[in-house]
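Please open the structure in your viewer and keep the selection tool at hand.

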Amino acid sequence: MSEPRVQPGGSALTRWEPHFERVLGAVAAATLFFIMALTCADVAGRYFLNAPVPGAFEITELAMGALIFTGLPLVTLHRQQVTVDLMDRLIPARLRPFRDALMHAVAAVCIGTVSWRLWIKAGQMAGGGDTTATLQIPVAPLVYYMSALAAITALILLFLLFHRDGPDSRPG
């Protein structure tokens with residue numbers, strides 16, 4: 001793991017970014033390791049002991065949701081989303097910053113809406129006592145977690161909208 005990139009007197013993002021990356025990166029890595037270990041145990045149990053891990057599919061589904069939403073703020077922070085640049089040649093270089101700002105604004109609204117709707121859905125799930133089918137694991141806490149990370153992603157997009165000198169405008 002590389003050393004944190006903190007610049008003296010840097011922006012608020014520069015000051016909290018290394019800690020944010022470290023925490024979310026560790027959560028994502030632990031979640032991915034857990035999924036891998038569970039899948040290995042399930043396959044080994046199924047084929048060698050004729051005893052798969054009960055509820056492994058449910059647990060993997062929940063962990064995948066957590067993993068995806070844990071990675072979303074990190075991918076956004078470093079502008080590593082999948083992009084299609086079919087129209088780049090048609091847009092003059094001087095207009096590209098405006099295009100990028102527009103895309104950050106639209107994405108912030110979209111992911112903010114996802115966050116808001118997830119929060120509402122989590123409340124409904126909590127109120128209804130929704131659980132997984134086999135292991136009866138409550139689902140609402142995961143959906144609240146997903147909502148919170150979507151909101152963080154929307155905030156990062158807003159930061160990038162107003163700060164073109166964001167974390168990935170640095171060289172190399």
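Begin with helix α3, which provides the largest share of the lining of the largest pocket, eight residues. The model is predicted: local features need pLDDT of at least 70 and side-chain atom pairs pLDDT 80 or more, while totals for chains, interfaces and linings use all residues. Residues are numbered from 1 along each chain as its sequence is written, and side-chain values use heavy atoms, without hydrogens and water.

Helices here are DSSP runs (H or I, at least four residues), numbered from the N terminus. Select α2 (56-77), α3 (96-128) and α4 (140-162); each supplies at least two residues of the pocket lining.

The largest pocket has a volume of about 580 Å³. Of its 21 lining residues, Q81, T83, D100, M103 and H104 are the closest to the centre. A pocket is an open set of points on a 1 Å grid where a 1.4 Å probe fits, with protein on both sides within 12 Å along at least five of seven lines; lining residues have an atom within 4 Å of a point. The volume is the space filled by probe spheres set on the points.

Next, select A41 in helix α1 (residues 12-48). A41 and A51 are 10 residues apart in sequence and 9.9 Å apart in space, C-alpha to C-alpha. With a relative accessible area of 39%, A41 is partly exposed (buried means under 20%, exposed over 50%, partly exposed in between, with a 1.4 Å probe and protein chains only).

Finally, select F48, also in helix α1. F48 has 70% relative accessibility and therefore counts as exposed.
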